[in-house]
Amino acid sequence: MKQAAVLGAAGFVGRHAARALALAGYDVVGIGHGSWLRDEWREWGLRDWHVADISLETLLTYAGEPEILVQCAGSGSVAFSMTHPAQDFRRSVDSTLAALDFVRLHAPDCRFVLPSSAAVYGSAEQMPITVADRLRPESPYGVHKKIAEDLCRSYARTFGIRAAIVRLFSVYGLGLRKQLLWDACMKLTQGEGRFAGTGEELRDWLEVQDAAALLVAAGERAGPGCPIVNGGTGHAVSVRAIVEGLRQELGVSIDPAFSGDRREGDPIGYQADITEARAWGWSPQRPLTEGLAAYASWFINEAR
């Protein structure tokens, strides 16, 4: 079978990437941190799971000879980067450098996929945001993602590594126990309706299975030119609309209210131009209304 390695496979995006690769016919090895039972990681498509820091030595020991390596290891939180910038750097940048060097030295035919973030754009001057727009990250998280991208492009240009970058926008889906959807469901079901921000912040919400499918497509398109695509739907929705949609799905009568204060490091608006991703033959499949209904149902039945 074709072999693949997913770094950070216990994470939210990582486990969905592992399953998507397995369904595409790959024999998938996962490396990273996370305590889950064998039956669970097997259900997510992994043939093996290894708990370890991402380093050249670890990859030499466990990664095998992958045809695709997806680098999902690293921090996934702007808020964490604001309070722990050094840790965030190590998680995102050091792990990416180790993975790139592994490919350079020991797996030159491997295709390298880096899930990056819309945070590299910072405050957009216009929307939708294109991959050619200027990068002006406002948080340590965004800065570190940009550095990881720079490393990826450098290794592709200098050493001929076949790479691709996917700038994911607001990924959501069943099982995500953090960020806006989780926090909103927790608050609303506990009778609390006050939220940070203005409520008018715009986000482009991509269901995680669609995100995973795009990462697999990126692996197929990776090359020395290191193509970059945005991972979104092309549509922006306000935070207020998301909270109100969840309120209706949860059957809660409380009226949400917003503090009006902008959160540090949190840009006002994101909307992706997905022209390049569509050119690959990929397109988002799950409407946001359907995704919110499913998330609210999952929260009621399993997460409370």
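Reader: How many helices and strands are there in the chain?

Author: The chain has 11 helices and 13 strands; helices (H or I, at least four residues) and strands (E, at least two) are DSSP runs, numbered from the N terminus. Please note that this is a predicted model, in which local features need pLDDT of at least 70 and side-chain atom pairs count only at pLDDT 80 or more, while totals for chains, interfaces and linings use all residues. Residues are numbered from 1 along each chain as its sequence is written, and side-chain values use heavy atoms, with hydrogens and water left out.

Reader: In what order do the strands of the open sheet stand?

Author: Strands of a sheet pair through backbone hydrogen bonds, either parallel or antiparallel. Here 7 strands follow the order E3-E2-E1-E4-E5-E6-E11, with parallel pairing; two strands pair if DSSP finds at least two bridges between them. Strand E3 (46-51) and strand E11 (228-231) are at the edges with a single partner strand each, so one side of each has no neighbour in the sheet. Strand E1 (residues 2-7), for example, pairs with strand E4 (residues 68-71) over 4 bridges, and the bridge partner of Ala-5 in E4 is Leu-69.

Reader: Which strands does helix H8 touch?

Author: Helix H8 (residues 208-221) packs on the sheet and touches E4, E5, E6 and E11. Contact means heavy atoms within 4.5 Å.

Reader: Is Ser-170 buried or exposed?

Author: Buried means under 20% relative accessible area, exposed over 50%, and partly exposed in between (1.4 Å probe, protein chains only). Ser-170, in strand E7 (residues 170-172), is buried because its relative accessible area is 16%. Leaving aside neighbours within four places in sequence, Ser-170 is in contact with Arg-203, Asp-204, Trp-205 and Leu-206.

Reader: Which residues touch the most other members of the largest nonpolar core?

Author: In soluble globular proteins, nonpolar side chains tend to be buried together. A nonpolar core is a set of buried Ala, Val, Leu, Ile, Met, Phe, Trp, Tyr and Cys residues joined through side-chain atoms within 4.5 Å. Of the 70 residues in the largest one, Val-6, Leu-21, Val-28, Leu-46, Val-70, Leu-181 and Leu-246 touch the most other members. H8 supplies the largest share of this core, 8 residues. Another core, of 29 residues, lies apart from it and includes Ile-54 and Ile-165.

Reader: What percentage of the residues of the chain count as buried?

Author: Of the 304 residues, 53% count as buried.

Note on methods
Axes fitted to C-alpha atoms, helices over the stretch in contact; angles between N-to-C directions.
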